[in-house]
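Please examine the sequence and the structure shown here before reading on.

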Amino acid sequence: MPRSPRFGLAIDPVPGYDGASRCDPSPKPGVVAFQHLILAAYPGTGAGSISRACSGSASSEHNEGRAWDWGVNASVPVQKAKAEAVIDWLAAPDRYDNPHAMARRLGIMYLIWNRRIWFPWSGWSVYCKQRGNVCRDPSSGEPRSPHRDHVHFSFTWAGARKQTSFWHRDRSLVSGIDEAAAGYWVLGRNGGVYPQDGAYFYGSRADHFESKPYVAIASTPSGYGYFIVRSDGVVRAFGDADKRGDAHDERTHIADIETTPDGRGYWLVSDKGRVFNYGRARDYGNARDRDVEIVAMASTDSGRGYWLLTARGKVLAFGDASGFGDLQGDDEAVDLYPTPSGRGYWIVTESGKVSAFGDAPQLGDAAPATSEVGLSATGSGGVPDRRRARPRPQLRRCPLDLCRSTRSPSASSSFSM
């Protein structure tokens, strides 16, 4: 198989069809990189072609430098086996059961091989039917190339520009987690939001390749919406979340976001301990002068205080929040979750160990040799108000991708290869 990184849960959406519309045949970097990847895995196969000169309007992704014809022949068993191995690799699910994982991570919009065409949203269909010496479009009867001497790969613009998770592995990693009215949401560094256990999907930024990664998610008190925040302080709101401002102009690196109990405001905290408050959120202090690295924030049920957690496991309390102890040892802390009474909290470390403080009971750790990014909670029935009646925490896993694009080309779309 072609060499590829080990990816996290977050994945590029299933692409829609974006046909050629202009003449710009210079080979695009993502297509060239894919060509090199395949030829390195299968030396001796044909390098094929990427660019194609165009006159007037473009009619193929070749005219835009975002298609490649790989030189393998369906009549030669060894070459046919190589082509089918690559296609199977592109179409297979990954370890999180994300379907067509490599095709999505590379931004492959469709491929044509041996008289058939494949789309990641609908699978295989007939591209042309052989009638004597001519292969014809099954609908119009127009002659078409049977694509028996090459595999045609067409790329989305993101794939062509090398702006997909295959080339940016860090964007596939999980960066946040929070509970919903039912189930919970997982946030990827690509801005994708992946609902789990029955949570609703209200939107994400997975189909936008942005300059900075997304680092934290916070649900609204109702559990029917969420905020996601980028490392540079840009805040996006979905569902019943109401954006009140962001820290994009502050030239800082955001570590976490926390909503107020009434949902009418939120805080952002930077990794250096600066606290930014928006809407009805109030400033109760910060840690910017303490020379610490902040990794998480949690508010009290009253909304008149909050805790800041450092990477070394020290808990800093502000407003009506109280400290109940700090983490000991060298394991890096990643998140903090208060108890329903507010008189204790749990701290989870990067290795999955959970430590209980105050009136928090010890409920167990995650499996060893795992990397944790957050601590969420099991529901207590009905619509949860996670501030007024905090449920007990549970380490969450991210087994499925439930956030997929449903866009597809119209039935009248034509393909000229």
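In helix α1, the buried residues are Gly30, Val31, Ala33, Phe34, Gln35, Leu37 and Ile38; buried means under 20% relative accessible area, exposed over 50%, and partly exposed in between, with a 1.4 Å probe and protein chains only. Helices (H or I, at least four residues) and strands (E, at least two) are DSSP runs numbered from the N terminus. The 13 residues of α1 should span 18 Å at 1.5 Å a residue, and its end C-alpha atoms are 18 Å apart, which agrees. The expected span is 1.5 Å times one less than the number of residues in the helix.

The model is predicted: local features need pLDDT of at least 70, side-chain atom pairs count only at pLDDT 80 or more, and totals for chains, interfaces and linings use all residues. Residues are numbered from 1 along each chain as its sequence is written, and side-chain values use heavy atoms, with hydrogens and water left out.

Phe34 of α1 also belongs to the largest nonpolar core, which has 30 residues. Such a core is a set of buried Ala, Val, Leu, Ile, Met, Phe, Trp, Tyr and Cys residues joined through side-chain atoms within 4.5 Å. Phe34, Trp68, Trp70, Trp89, Leu90, Ile108 and Phe153 have the most contacts inside this core. Elements giving two or more residues to the core include α1 (29–41), β2 (67–71), α2 (77–91) and β9 (151–155). Helix α2 gives the most, with six residues.

Leaving aside neighbours within four places in sequence, Leu90 is in contact (heavy atoms within 4.5 Å) with residues including Phe34, Leu106, Ile108 and Phe153.

Side chains of opposite charge can pair when their charged atoms come close. A search of the whole structure finds 14 salt bridges, each a side-chain nitrogen of Lys or Arg within 4 Å of a carboxyl oxygen of Asp or Glu. Three of them are tabulated below.

| Salt bridge | N to O distance |
|---|---|
| Asp94 and Arg105 | 3.6 Å |
| Arg144 and Asp137 | 3.3 Å |
| Asp242 and Arg244 | 3.3 Å |

Asp94 lies in the loop between α2 and α3, and Arg105 in helix α3, 11 residues apart, so the pair links distant parts of the chain. Arg105 counts as buried because its relative accessibility is 1%. Arg144 is likewise buried, at 18%, and Asp137 is buried at 13%. By contrast, Asp242 counts as partly exposed at 40% relative accessibility, and Arg244 as partly exposed at 38%. Elsewhere, salt bridges that share partners join Arg205, Glu210, Arg230, Asp232 and Arg236 into one network.
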